[in-house]
Amino acid sequence: MIILFGMPVVQVLIFGFAITTDIRDAKISILDHSKDYMTQDITRKLLSSGYFVLSENLNSEKDIETSFRKGKIKEVVIFENHFAENFEKNQKAHIQLIADASDPNTANLIVNYTSSIINDYQEELLKLSPVPVTITSEVKMLFNPELKSVFMFVPGTITILLMLISAMMTSISIVREKEMGTMEVLLVSPLKPAQIIIGKVIPYFLFSFIIAVIILLMGFVIFKMPMQGSYLLLLGETILFIIMALSLGILISTLTRTQQVAMMISMVALMLPTMLLSGFIYPIENMPVVLQWVCQLMPPKWFIIIIKSIILKGSSFSYIWKETLILFLMTLLFIFISIKKFKIRLQELKN
Amino acid sequence: MRTILFIIQKEFIQTFRNRSMLPIIFVMPLLQLLILAYATTFEIRQIRILLVDADKSTCSHQLIMKYQGSPFYKIVGDSPSYAKAVEALYNRKADQILMIPSGFEKGLKKEGKTKIQIVNDAINGSAAALMNAYTTSIARDYNSELVVSSFLGIQVQPPVTIERSFWYNPELNYQTYMVPGILVILVTLIGLFLSGMNMVREKEIGTIEQINVTPIKKYQFIAGKLFPFWFLAIAELAFGLFLAKLMFNIPIVGNLGLIFGAAAVYLIVMAGIGLVMSTITQTQQQSMFLSWFFMIVFIMMSGLFTPAESMPWWAQYINSINPVMYFIKIMRNVLLKGSEFQDIIQPFLALCTLAVLALAIAINRYRKTT
């Protein structure tokens, strides 16, 4: 029980505070052939930016390979010989940045940050001769001015946990009865099959709903997520999603015979795609077109759009009716197929 | 020794008796590998940009042409008013708005200063930052062109040239980065989940009692039970690596022996953890839930999707017992950079320690008597 409710709390905390796509305290090395006032100035600027931390001062190019191989540093900044001299006399000085691109995203970010810090330094020096024509860009970040990544994670975490509890656990629970043989006993009792299933499913419905509310509360209170839209709409859509996931769980249970298989199917066909194809971490628009079609089939994808729209954009129903309809139809589809399969099974039992 | 072999035999028979298990273990994960490797990228394909040109001058047209000419941008329309444009952001019809106010050209010609506005849909914070960077840099390019064309002779090139080199992955190919990580997840699924659930299954069905009354020793039973899944996981890793090389052409620079050596230890850790879970739980459902919880936390913190070093200090502390983190580090360093054994000694030793720890706890907790 503690785990059931503690788990989402711990996860949201970790996702909210620990996980970030940004760079912080990245370990870099400086290979300074000049060691003059300019290179030291630039070095100081880099290290006080908060993005970088000095791991070691290298002495020669040979050491770079070893450092990278050990995974100690992510970037090497190389200043050429006579740096300040070249800058002042010949108006041309050279810096080389070597990044460990085994993680291309981080490497790109690191190189960009380093370059922009160096360019800032230059612009300060050159303030004496301003550029005659300037176009300034005014930038506005709509819906999420501080570019907080936690707003991405909270809806995503809710989705994953709901899928886990409602779909996976439900399916495993129903299959368990099948596996143990107690399902037969239930079926020959005066209880209607629908009553059995609903009875089994209600606890998970309640758990899911409570957990969703807990996570949302954490989002608003701890992470100060702004709520632009209607709470009622949010809860309504959440209930719809829970029902959808429950029906999916029931469907899986009609297709499998053992718990192990039910779990593997849920895990492999639901969890991983939910994490990666729903737009939770990786934006769907950037995937190859074929994959985008696959994403359309994923219920979590629609739900994440709905949640984000309500919370961050304050969308009213008129903006999200299409996604809601899709979730609704999916639910009906799952229930329909489940009922059919169930009826076949009942027939087999009777015969 | 023979006892262990018997148990192993029984496990294999049991596992494959379930006909759906075989495709699930081999086919599904590999399908996943294919799909997910293509999905996981932070690159931006196309920015859907909406133009609001209130100036309609030569200069504003020139600026707009620069975006039209770029394959990164898809101009989804030009709206007459700012309010309508923002509506498109609400409707998810566009990602970004470029607003050129009236008086743009006049400002440039008369005072040498003018403004444009870029509005980004920042729901996805990191994507918004990237989009913004692209768009502002194109505007800056246009700026430089103006300077060069109107004032010949002024040096626009800054004195410091910055040369960038990307080692080990010069094309910044995301698949090269993600595929080893995805392989790790798939292999973990088998190692952790199946082994854990397997143990609990015996408890649930009740056959564990029958095993417990035999003279079989604890370690024999545990070894026999874990071995098949350990073996299957390694087989899957091998198969996965082969496919990865075939389909994505990921570089295998380093020594494969190191990889499999590390994998062997890593899987012992995972199997051990699965075993510990099974001693705590009574049903397969609980075991799965618990394992899943740990797996999600471990994977998210492991540096698979987001850089592990960027986490706050307390998170890094927790990470020091995260086997996934160590294994991914080893995989990436050996596969992509060709690290040698002395380079990966630290994570490797950490894995060994964790393996010993996990197995010790598991064997200790497992009681033949309930």
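## Basis

Because the model is predicted, local features need pLDDT of at least 70 and side-chain atom pairs count only at pLDDT 80 or more, while totals for chains, interfaces and linings use all residues. Residues are numbered from 1 along each chain as its sequence is written, and chains are lettered from A and ligands numbered from 1 in the order in which they are written.

## Domains of chain A

Chain A is assigned domain 1 (25-128) and domain 2 (150-350); such bounds come from an automatic or database domain assignment. Taken over C-alpha atoms, the centres of the two domains are 49 Å apart.

## The largest nonpolar core

A nonpolar core is a set of buried Ala, Val, Leu, Ile, Met, Phe, Trp, Tyr and Cys residues joined through C-beta atoms within 7 Å. A residue is buried if 20 or more other C-beta atoms lie within 10 Å of its own, exposed if 12 or fewer, and partly exposed in between, with C-beta atoms placed from the backbone. The largest core has 205 residues, and L183(B), A262(B), V269(B), F327(B) and L351(B) have the most contacts inside it. Helix α7 (residues 174-205) of chain B supplies the largest share, 18 residues. Helices (H or I, at least four residues) and strands (E, at least two) are DSSP runs, numbered from the N terminus.

## Helix α3 of chain B

In helix α3 (residues 58-68) of chain B, S60(B), L63(B) and Y67(B) are buried. These buried residues fall within an arc of 65° seen down the axis of α3(B), so they line one face of the helix; the arc is that of the directions from the helix axis to the C-beta atoms. The face turned away from the buried side carries the exposed residues T58(B), M65(B) and Q68(B).

## Contact between the chains

Two residues are in contact if their C-beta atoms, placed from the backbone, lie within 7 Å. By this rule, 93 residues of chain B are in contact with 94 residues of chain A. On the chain B side, α6(B) gives the most, with 12 residues.

Helix α5 (residues 104-125) of chain A has buried residues including P104(A), L109(A) and T114(A). Its buried residues are covered by elements of both chains, among them β3 (75-79) of chain A and α7 of chain B.

## Two lysines with positive phi

K35(A), in the loop between β1 and α2 of chain A, has phi near 55°. K35(A) is partly exposed, with 15 other C-beta atoms within 10 Å. K56(B) has a positive phi of about 50° and counts as exposed, with 12 C-beta neighbours inside 10 Å.
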